[in-house]
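Have the viewer open as you read.

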Amino acid sequence: MEFSLSEEQIELREAIIRFARQEIVHDLAMYDKEGHFPFDSWRKCAEMQIIALPFPEEYGGCGSDFLTTVVVLQALGYSCKDAGLVHALSTQILCGLQILLFGSPEQKQRFLPPLCRGEKVFAQAITEPDAGSDAIGSMRTRAEKTEKGYVLNGSKMFISNGPIADVVIVFALTDPEISRLGGISCFMVEKETPGFERCHPVEKMGLCTLQNGELVFADCCVPASALLGREGQGAIIFNESMEWERSLLPAAHLGTLERVLETCVSYARKRSAFGQSIGKYQAVANKIVDMKLVFELGRLILYKAATLKSQGKRATLEASIAKLFISEGLKQSCLDAVQVHGGYGFTKEYELERDLRDSVAATIYSGTSEMQQAIISRLMGL
Ligand SMILES: Cc1cc2nc3c(=O)[nH]c(=O)nc-3n(C[C@H](O)[C@H](O)[C@H](O)COP(=O)(O)OP(=O)(O)OC[C@H]3O[C@@H](n4cnc5c(N)ncnc54)[C@H](O)[C@@H]3O)c2cc1C
(Lines give C-alpha, C1' and ligand atoms only; values in the text may rest on other atoms or scores of the structure.)
Protein backbone atom coordinates (compact mmCIF):
# COMPACT_ATOMS: atom_id res chain seq x y z
CA MET A 1 0.00 0.00 0.00
CA GLU A 2 1.21 3.52 -0.84
CA PHE A 3 0.69 6.02 1.99
CA SER A 4 2.32 9.16 0.65
CA LEU A 5 -0.11 12.06 0.58
CA SER A 6 -1.23 13.66 -2.68
CA GLU A 7 -0.37 17.31 -3.34
CA GLU A 8 -4.00 18.17 -2.69
CA GLN A 9 -3.93 16.44 0.70
CA ILE A 10 -0.69 18.21 1.65
CA GLU A 11 -2.19 21.60 0.70
CA LEU A 12 -5.36 20.82 2.64
CA ARG A 13 -3.30 19.84 5.69
CA GLU A 14 -1.41 23.14 5.53
CA ALA A 15 -4.64 25.10 5.07
CA ILE A 16 -6.17 23.44 8.15
CA ILE A 17 -3.09 24.19 10.25
CA ARG A 18 -3.17 27.86 9.16
CA PHE A 19 -6.91 28.04 9.78
CA ALA A 20 -6.72 26.55 13.28
CA ARG A 21 -3.86 28.82 14.35
CA GLN A 22 -5.60 31.95 13.06
CA GLU A 23 -9.26 31.21 13.76
CA ILE A 24 -9.57 28.81 16.73
CA VAL A 25 -8.72 31.50 19.23
CA HIS A 26 -11.13 30.96 22.15
CA ASP A 27 -9.54 31.24 25.58
CA LEU A 28 -8.91 27.52 26.01
CA ALA A 29 -7.62 27.76 29.59
CA MET A 30 -10.89 29.41 30.63
CA TYR A 31 -13.15 27.13 28.57
CA ASP A 32 -11.29 24.09 29.93
CA LYS A 33 -11.64 25.32 33.52
CA GLU A 34 -15.32 26.19 33.17
CA GLY A 35 -16.22 23.17 31.03
CA HIS A 36 -17.78 25.35 28.31
CA PHE A 37 -18.27 24.31 24.71
CA PRO A 38 -16.68 26.71 22.16
CA PHE A 39 -19.67 27.18 19.83
CA ASP A 40 -17.94 29.97 17.87
CA SER A 41 -14.99 27.74 17.03
CA TRP A 42 -17.39 24.88 16.18
CA ARG A 43 -19.16 27.16 13.69
CA LYS A 44 -15.85 28.27 12.15
CA CYS A 45 -14.79 24.62 11.71
CA ALA A 46 -18.14 23.89 10.05
CA GLU A 47 -17.70 26.91 7.73
CA MET A 48 -14.23 25.55 6.88
CA GLN A 49 -16.15 22.39 5.80
CA ILE A 50 -14.27 20.14 8.19
CA ILE A 51 -17.49 18.28 9.07
CA ALA A 52 -18.68 18.16 5.47
CA LEU A 53 -15.52 16.51 4.11
CA PRO A 54 -16.52 12.84 3.60
CA PHE A 55 -20.15 13.42 2.57
CA PRO A 56 -21.48 13.51 -1.00
CA GLU A 57 -21.99 16.94 -2.56
CA GLU A 58 -25.73 16.33 -2.96
CA TYR A 59 -26.02 16.53 0.85
CA GLY A 60 -23.82 19.60 1.19
CA GLY A 61 -20.61 17.62 1.60
CA CYS A 62 -17.23 17.88 -0.15
CA GLY A 63 -17.12 14.33 -1.52
CA SER A 64 -13.61 13.69 -0.17
CA ASP A 65 -12.34 10.19 0.51
CA PHE A 66 -11.99 8.88 4.05
CA LEU A 67 -8.17 9.07 4.11
CA THR A 68 -8.42 12.81 3.35
CA THR A 69 -10.80 13.19 6.32
CA VAL A 70 -8.25 11.39 8.51
CA VAL A 71 -5.47 13.68 7.25
CA VAL A 72 -7.58 16.75 8.07
CA LEU A 73 -8.45 15.56 11.59
CA GLN A 74 -4.79 14.77 12.18
CA ALA A 75 -3.92 18.32 11.09
CA LEU A 76 -6.60 19.67 13.42
CA GLY A 77 -5.34 17.58 16.36
CA TYR A 78 -1.88 19.00 15.64
CA SER A 79 -2.83 22.65 15.35
CA CYS A 80 -5.87 22.99 17.64
CA LYS A 81 -5.10 22.40 21.30
CA ASP A 82 -8.77 21.97 22.20
CA ALA A 83 -9.07 18.17 22.04
CA GLY A 84 -12.65 18.39 23.36
CA LEU A 85 -13.70 20.44 20.33
CA VAL A 86 -11.91 18.06 17.94
CA HIS A 87 -13.66 15.09 19.60
CA ALA A 88 -17.03 16.82 19.23
CA LEU A 89 -16.35 17.37 15.51
CA SER A 90 -15.24 13.75 15.05
CA THR A 91 -18.42 12.53 16.78
CA GLN A 92 -20.51 14.65 14.41
CA ILE A 93 -18.74 13.17 11.36
CA LEU A 94 -19.21 9.62 12.70
CA CYS A 95 -22.95 10.18 13.19
CA GLY A 96 -23.14 11.44 9.62
CA LEU A 97 -21.38 8.33 8.33
CA GLN A 98 -23.97 6.12 10.07
CA ILE A 99 -26.77 8.11 8.46
CA LEU A 100 -25.05 7.97 5.07
CA LEU A 101 -24.52 4.20 5.29
CA PHE A 102 -27.83 3.13 6.82
CA GLY A 103 -30.29 6.04 6.46
CA SER A 104 -33.28 6.12 4.13
CA PRO A 105 -33.17 8.67 1.24
CA GLU A 106 -35.51 10.91 3.31
CA GLN A 107 -33.30 10.69 6.41
CA LYS A 108 -30.18 11.54 4.40
CA GLN A 109 -31.92 14.48 2.73
CA ARG A 110 -33.28 15.76 6.02
CA PHE A 111 -30.35 15.27 8.39
CA LEU A 112 -27.09 15.37 6.42
CA PRO A 113 -27.19 19.01 5.15
CA PRO A 114 -27.64 20.55 8.65
CA LEU A 115 -25.11 18.05 10.00
CA CYS A 116 -22.52 19.14 7.40
CA ARG A 117 -23.19 22.83 8.12
CA GLY A 118 -22.85 22.21 11.88
CA GLU A 119 -26.30 23.78 12.37
CA LYS A 120 -27.52 20.74 14.25
CA VAL A 121 -25.35 18.86 16.74
CA PHE A 122 -25.44 15.05 16.59
CA ALA A 123 -24.55 12.35 19.12
CA GLN A 124 -24.59 8.57 19.21
CA ALA A 125 -25.82 6.78 22.32
CA ILE A 126 -24.76 3.19 22.95
CA THR A 127 -23.28 3.07 26.49
CA GLU A 128 -25.62 2.76 29.49
CA PRO A 129 -24.97 3.26 33.20
CA ASP A 130 -24.62 -0.55 33.59
CA ALA A 131 -23.47 -1.48 30.09
CA GLY A 132 -20.21 -0.13 28.64
CA SER A 133 -17.70 -2.68 27.34
CA ASP A 134 -20.57 -5.18 27.09
CA ALA A 135 -22.91 -2.57 25.57
CA ILE A 136 -24.69 -4.96 23.21
CA GLY A 137 -24.95 -7.93 25.61
CA SER A 138 -26.12 -5.94 28.65
CA MET A 139 -28.24 -3.26 26.94
CA ARG A 140 -31.47 -2.47 28.80
CA THR A 141 -32.95 0.49 26.93
CA ARG A 142 -36.16 -0.79 25.35
CA ALA A 143 -37.97 0.33 22.22
CA GLU A 144 -41.44 -1.22 22.16
CA LYS A 145 -43.32 -1.27 18.90
CA THR A 146 -46.73 0.41 18.85
CA GLU A 147 -49.23 1.12 16.09
CA LYS A 148 -47.66 4.52 15.41
CA GLY A 149 -43.97 3.73 15.95
CA TYR A 150 -41.88 2.92 19.03
CA VAL A 151 -41.78 3.89 22.72
CA LEU A 152 -38.29 4.23 24.20
CA ASN A 153 -37.50 3.71 27.90
CA GLY A 154 -34.06 3.66 29.49
CA SER A 155 -30.96 5.79 29.82
CA LYS A 156 -27.62 6.25 28.10
CA MET A 157 -24.38 7.33 29.78
CA PHE A 158 -21.20 9.24 28.80
CA ILE A 159 -22.68 10.46 25.51
CA SER A 160 -20.38 12.88 23.70
CA ASN A 161 -22.28 15.96 22.43
CA GLY A 162 -25.32 14.49 24.28
CA PRO A 163 -26.11 17.51 26.49
CA ILE A 164 -26.15 19.86 23.45
CA ALA A 165 -27.40 17.41 20.83
CA ASP A 166 -30.25 18.27 18.47
CA VAL A 167 -30.39 14.69 17.18
CA VAL A 168 -29.24 11.49 18.89
CA ILE A 169 -28.72 8.09 17.27
CA VAL A 170 -29.95 5.75 20.00
CA PHE A 171 -29.41 1.99 20.21
CA ALA A 172 -32.25 0.10 21.94
CA LEU A 173 -33.67 -3.40 22.36
CA THR A 174 -36.61 -4.05 20.07
CA ASP A 175 -36.78 -7.75 20.78
CA PRO A 176 -35.20 -8.91 24.05
CA GLU A 177 -36.40 -12.47 23.46
CA ILE A 178 -34.19 -13.23 20.48
CA SER A 179 -30.39 -13.20 20.28
CA ARG A 180 -28.85 -9.82 21.02
CA LEU A 181 -27.40 -9.75 17.53
CA GLY A 182 -30.85 -9.48 15.99
CA GLY A 183 -32.77 -7.83 18.82
CA ILE A 184 -31.24 -4.35 18.78
CA SER A 185 -32.31 -1.45 16.58
CA CYS A 186 -31.22 2.11 16.01
CA PHE A 187 -33.36 5.26 16.26
CA MET A 188 -32.90 8.92 15.45
CA VAL A 189 -34.38 10.92 18.31
CA GLU A 190 -34.76 14.69 18.06
CA LYS A 191 -34.33 16.90 21.07
CA GLU A 192 -37.92 18.21 21.09
CA THR A 193 -39.37 14.67 21.40
CA PRO A 194 -41.52 14.42 24.57
CA GLY A 195 -40.00 11.98 27.07
CA PHE A 196 -36.43 12.68 25.94
CA GLU A 197 -34.22 14.49 28.45
CA ARG A 198 -30.64 15.67 28.02
CA CYS A 199 -28.96 15.84 31.44
CA HIS A 200 -26.23 18.25 32.52
CA PRO A 201 -22.72 17.47 31.30
CA VAL A 202 -20.62 15.34 33.65
CA GLU A 203 -17.44 16.92 35.06
CA LYS A 204 -14.41 15.10 33.71
CA MET A 205 -10.63 15.05 34.31
CA GLY A 206 -9.95 15.92 30.65
CA LEU A 207 -11.64 16.82 27.37
CA CYS A 208 -13.39 19.42 29.53
CA THR A 209 -14.86 21.42 26.64
CA LEU A 210 -16.55 18.29 25.25
CA GLN A 211 -20.13 18.18 26.49
CA ASN A 212 -20.67 14.62 27.62
CA GLY A 213 -23.48 13.27 29.77
CA GLU A 214 -26.51 11.12 30.42
CA LEU A 215 -29.61 10.95 28.23
CA VAL A 216 -32.92 9.72 29.63
CA PHE A 217 -35.85 8.24 27.71
CA ALA A 218 -39.14 7.98 29.62
CA ASP A 219 -42.06 6.85 27.47
CA CYS A 220 -40.39 8.65 24.59
CA CYS A 221 -42.55 8.07 21.48
CA VAL A 222 -40.89 8.19 18.08
CA PRO A 223 -42.50 7.53 14.69
CA ALA A 224 -41.55 4.45 12.65
CA SER A 225 -39.65 6.82 10.32
CA ALA A 226 -37.14 7.40 13.17
CA LEU A 227 -35.76 3.88 12.69
CA LEU A 228 -32.23 4.00 11.22
CA GLY A 229 -31.69 0.96 9.02
CA ARG A 230 -34.00 -2.01 9.49
CA GLU A 231 -35.49 -3.24 12.75
CA GLY A 232 -32.99 -5.65 14.31
CA GLN A 233 -30.03 -4.19 12.37
CA GLY A 234 -28.59 -2.39 15.43
CA ALA A 235 -25.71 -4.79 16.10
CA ILE A 236 -24.61 -4.58 12.45
CA ILE A 237 -24.73 -0.77 12.57
CA PHE A 238 -22.79 -0.89 15.87
CA ASN A 239 -20.01 -3.08 14.44
CA GLU A 240 -19.72 -0.99 11.30
CA SER A 241 -19.74 2.25 13.26
CA MET A 242 -17.01 1.02 15.66
CA GLU A 243 -14.77 0.29 12.69
CA TRP A 244 -15.20 3.80 11.29
CA GLU A 245 -14.81 5.30 14.76
CA ARG A 246 -11.56 3.45 15.48
CA SER A 247 -10.22 4.57 12.10
CA LEU A 248 -11.15 8.21 12.69
CA LEU A 249 -10.71 9.15 16.38
CA PRO A 250 -7.00 8.15 16.43
CA ALA A 251 -6.34 10.70 13.66
CA ALA A 252 -6.73 13.60 16.08
CA HIS A 253 -4.66 11.71 18.69
CA LEU A 254 -1.87 11.27 16.16
CA GLY A 255 -1.95 15.02 15.47
CA THR A 256 -1.71 15.80 19.19
CA LEU A 257 1.19 13.37 19.49
CA GLU A 258 2.95 15.11 16.61
CA ARG A 259 2.61 18.48 18.40
CA VAL A 260 3.78 17.07 21.75
CA LEU A 261 6.76 15.43 20.03
CA GLU A 262 7.81 18.68 18.34
CA THR A 263 7.44 20.57 21.61
CA CYS A 264 9.70 18.04 23.36
CA VAL A 265 12.38 18.10 20.63
CA SER A 266 12.51 21.87 20.72
CA TYR A 267 12.65 22.00 24.54
CA ALA A 268 15.27 19.24 24.83
CA ARG A 269 17.51 21.15 22.41
CA LYS A 270 17.20 24.45 24.28
CA ARG A 271 17.14 23.43 27.93
CA SER A 272 20.57 22.86 29.50
CA ALA A 273 21.66 20.94 32.60
CA PHE A 274 25.20 20.11 33.72
CA GLY A 275 26.64 22.12 30.83
CA GLN A 276 24.81 20.56 27.88
CA SER A 277 21.34 20.37 26.38
CA ILE A 278 19.13 17.78 28.09
CA GLY A 279 18.49 16.11 24.71
CA LYS A 280 22.11 14.91 24.85
CA TYR A 281 21.21 12.72 27.83
CA GLN A 282 20.14 9.36 26.51
CA ALA A 283 17.53 8.96 29.27
CA VAL A 284 15.76 12.08 27.97
CA ALA A 285 16.35 11.35 24.27
CA ASN A 286 14.95 7.81 24.61
CA LYS A 287 11.60 9.14 25.78
CA ILE A 288 11.43 11.36 22.70
CA VAL A 289 12.56 8.51 20.45
CA ASP A 290 9.69 6.39 21.80
CA MET A 291 7.26 9.20 20.89
CA LYS A 292 8.71 9.26 17.37
CA LEU A 293 8.21 5.48 17.06
CA VAL A 294 4.56 5.75 18.09
CA PHE A 295 4.03 8.61 15.65
CA GLU A 296 5.65 6.92 12.63
CA LEU A 297 4.23 3.44 13.24
CA GLY A 298 0.86 4.76 14.36
CA ARG A 299 0.57 6.77 11.16
CA LEU A 300 1.24 3.67 9.02
CA ILE A 301 -1.44 1.52 10.67
CA LEU A 302 -3.95 4.39 10.79
CA TYR A 303 -3.48 5.27 7.11
CA LYS A 304 -3.79 1.56 6.28
CA ALA A 305 -7.12 1.35 8.15
CA ALA A 306 -8.34 4.59 6.53
CA THR A 307 -7.26 3.43 3.06
CA LEU A 308 -9.14 0.14 3.49
CA LYS A 309 -12.26 2.05 4.58
CA SER A 310 -11.85 4.44 1.62
CA GLN A 311 -11.82 1.37 -0.64
CA GLY A 312 -15.03 0.05 0.95
CA LYS A 313 -13.19 -2.86 2.61
CA ARG A 314 -13.31 -4.21 6.17
CA ALA A 315 -10.65 -2.96 8.57
CA THR A 316 -11.67 -4.49 11.90
CA LEU A 317 -8.17 -5.63 12.82
CA GLU A 318 -6.34 -2.55 11.52
CA ALA A 319 -8.79 -0.14 13.19
CA SER A 320 -8.48 -1.91 16.56
CA ILE A 321 -4.67 -1.95 16.35
CA ALA A 322 -4.62 1.75 15.38
CA LYS A 323 -6.98 2.66 18.23
CA LEU A 324 -5.03 0.65 20.82
CA PHE A 325 -1.51 1.59 19.69
CA ILE A 326 -2.09 5.31 19.15
CA SER A 327 -4.21 5.95 22.27
CA GLU A 328 -1.82 4.11 24.60
CA GLY A 329 1.17 5.70 22.82
CA LEU A 330 -0.35 9.17 23.18
CA LYS A 331 -1.03 8.69 26.92
CA GLN A 332 2.55 7.53 27.58
CA SER A 333 3.99 10.28 25.35
CA CYS A 334 2.04 12.98 27.21
CA LEU A 335 3.27 11.63 30.54
CA ASP A 336 6.85 11.58 29.21
CA ALA A 337 6.45 15.09 27.79
CA VAL A 338 5.65 16.42 31.28
CA GLN A 339 8.76 14.62 32.61
CA VAL A 340 11.00 15.98 29.84
CA HIS A 341 9.85 19.51 30.74
CA GLY A 342 10.55 18.96 34.46
CA GLY A 343 8.81 21.45 36.78
CA TYR A 344 7.63 23.52 33.82
CA GLY A 345 5.84 20.48 32.43
CA PHE A 346 3.80 20.34 35.61
CA THR A 347 2.55 23.93 35.20
CA LYS A 348 -0.67 24.96 33.46
CA GLU A 349 1.30 27.54 31.47
CA TYR A 350 3.11 24.90 29.40
CA GLU A 351 -0.23 23.26 28.54
CA LEU A 352 1.18 19.73 28.62
CA GLU A 353 -0.81 18.78 31.71
CA ARG A 354 -4.01 19.40 29.69
CA ASP A 355 -2.78 17.17 26.85
CA LEU A 356 -2.06 14.48 29.46
CA ARG A 357 -5.52 14.79 31.05
CA ASP A 358 -7.16 14.72 27.62
CA SER A 359 -5.15 11.71 26.47
CA VAL A 360 -6.50 9.37 29.16
CA ALA A 361 -10.00 9.34 27.65
CA ALA A 362 -8.63 8.02 24.34
CA THR A 363 -7.85 4.68 26.00
CA ILE A 364 -11.44 4.40 27.30
CA TYR A 365 -13.96 5.58 24.68
CA SER A 366 -14.79 3.66 21.52
CA GLY A 367 -13.89 0.47 23.42
CA THR A 368 -11.23 0.40 26.14
CA SER A 369 -7.66 -0.75 25.48
CA GLU A 370 -8.49 -4.07 27.15
CA MET A 371 -11.41 -4.55 24.74
CA GLN A 372 -9.17 -3.77 21.74
CA GLN A 373 -6.75 -6.43 23.00
CA ALA A 374 -9.69 -8.85 23.30
CA ILE A 375 -10.80 -8.08 19.71
CA ILE A 376 -7.28 -8.46 18.30
CA SER A 377 -6.69 -11.75 20.13
CA ARG A 378 -10.07 -13.07 18.89
CA LEU A 379 -9.18 -12.14 15.30
CA MET A 380 -5.92 -14.07 15.74
CA GLY A 381 -7.95 -17.15 16.67
CA LEU A 382 -6.92 -17.11 20.34
C1 LIG B 1 -14.77 10.95 27.09
C2 LIG B 1 -15.72 9.82 26.80
C3 LIG B 1 -16.56 9.91 25.70
C4 LIG B 1 -17.48 8.89 25.44
N5 LIG B 1 -18.36 9.03 24.40
C6 LIG B 1 -19.33 8.09 24.21
C7 LIG B 1 -20.34 8.28 23.20
O8 LIG B 1 -20.36 9.29 22.49
N9 LIG B 1 -21.30 7.33 23.05
C10 LIG B 1 -21.32 6.20 23.83
O11 LIG B 1 -22.21 5.39 23.64
N12 LIG B 1 -20.38 6.00 24.80
C13 LIG B 1 -19.40 6.92 25.01
N14 LIG B 1 -18.45 6.74 26.00
C15 LIG B 1 -18.51 5.55 26.84
C16 LIG B 1 -17.37 4.57 26.58
O17 LIG B 1 -17.52 3.97 25.33
C18 LIG B 1 -17.35 3.57 27.75
O19 LIG B 1 -16.96 4.28 28.91
C20 LIG B 1 -16.40 2.42 27.50
O21 LIG B 1 -16.90 1.59 26.48
C22 LIG B 1 -16.16 1.58 28.77
O23 LIG B 1 -17.36 1.22 29.38
P24 LIG B 1 -17.55 1.45 30.97
O25 LIG B 1 -17.18 2.85 31.27
O26 LIG B 1 -18.90 0.99 31.34
O27 LIG B 1 -16.46 0.52 31.64
P28 LIG B 1 -16.63 -1.04 31.97
O29 LIG B 1 -17.16 -1.76 30.81
O30 LIG B 1 -17.35 -1.17 33.27
O31 LIG B 1 -15.11 -1.46 32.18
C32 LIG B 1 -14.40 -1.22 33.40
C33 LIG B 1 -13.01 -1.84 33.25
O34 LIG B 1 -13.13 -3.26 33.06
C35 LIG B 1 -12.45 -3.63 31.86
N36 LIG B 1 -13.16 -4.74 31.20
C37 LIG B 1 -14.50 -4.87 30.98
N38 LIG B 1 -14.75 -5.99 30.30
C39 LIG B 1 -13.56 -6.59 30.06
C40 LIG B 1 -13.14 -7.77 29.38
N41 LIG B 1 -14.04 -8.58 28.79
N42 LIG B 1 -11.82 -8.07 29.34
C43 LIG B 1 -10.92 -7.26 29.93
N44 LIG B 1 -11.24 -6.12 30.57
C45 LIG B 1 -12.53 -5.78 30.63
C46 LIG B 1 -12.45 -2.39 30.99
O47 LIG B 1 -11.43 -2.42 30.02
C48 LIG B 1 -12.25 -1.30 32.04
O49 LIG B 1 -10.88 -1.19 32.33
C50 LIG B 1 -17.51 7.73 26.28
C51 LIG B 1 -16.63 7.64 27.36
C52 LIG B 1 -15.75 8.67 27.63
C53 LIG B 1 -14.82 8.54 28.83
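This is a predicted model: local features need pLDDT of at least 70, side-chain atom pairs count only at pLDDT 80 or more; totals for chains, interfaces and linings use all residues.

## Around the ligand

In all, 20 residues surround the ligand, and the closest are Gly132, Ser133, Ser160, Thr368 and Glu370. As for secondary structure, at least two shell residues come from each of strand E1 (122–125), strand E3 (149–160) and helix H13 (369–379).

By residue type, the shell splits into 10 nonpolar, 9 polar and 1 charged.

## The nonpolar core

The largest nonpolar core has 109 residues, and the members touching the most others are Leu76, Phe187 and Leu302. Helix H8 (residues 234–270) is the top contributor to this core, giving 14 residues.

Take a look at Leu302. Beyond its neighbours within four places in sequence, Leu302 is in contact with Val70, Pro250, Ala251, Leu254, Ala322 and Ile326.

Most residues other than glycine have a negative phi. You'll find Leu207 in the loop between strand E6 (196–201) and strand E7 (212–223). Leu207 counts as buried because it has 26 C-beta neighbours inside 10 Å.

Ser366 isn't a glycine either, yet its phi is positive, at about 60°. Ser366 sits in the loop between helix H12 (352–362) and H13. With 24 other C-beta atoms within 10 Å, Ser366 is buried.

Definitions and conventions
Residues are numbered from 1 along each chain as its sequence is written. A residue is near a molecule or strand if its C-beta atom, placed from the backbone, lies within 6 Å of it. Helices (H or I, at least four residues) and strands (E, at least two) are DSSP runs, numbered from the N terminus. Ala, Val, Leu, Ile, Met, Phe, Trp, Tyr, Cys and Pro count as nonpolar, Asp, Glu, Lys and Arg as charged, and the others, Gly among them, as polar. A nonpolar core is a set of buried Ala, Val, Leu, Ile, Met, Phe, Trp, Tyr and Cys residues joined through C-beta atoms within 7 Å. A residue is buried if 20 or more other C-beta atoms lie within 10 Å of its own, exposed if 12 or fewer, and partly exposed in between; C-beta atoms are placed from the backbone. Two residues are in contact if their C-beta atoms, placed from the backbone, lie within 7 Å.
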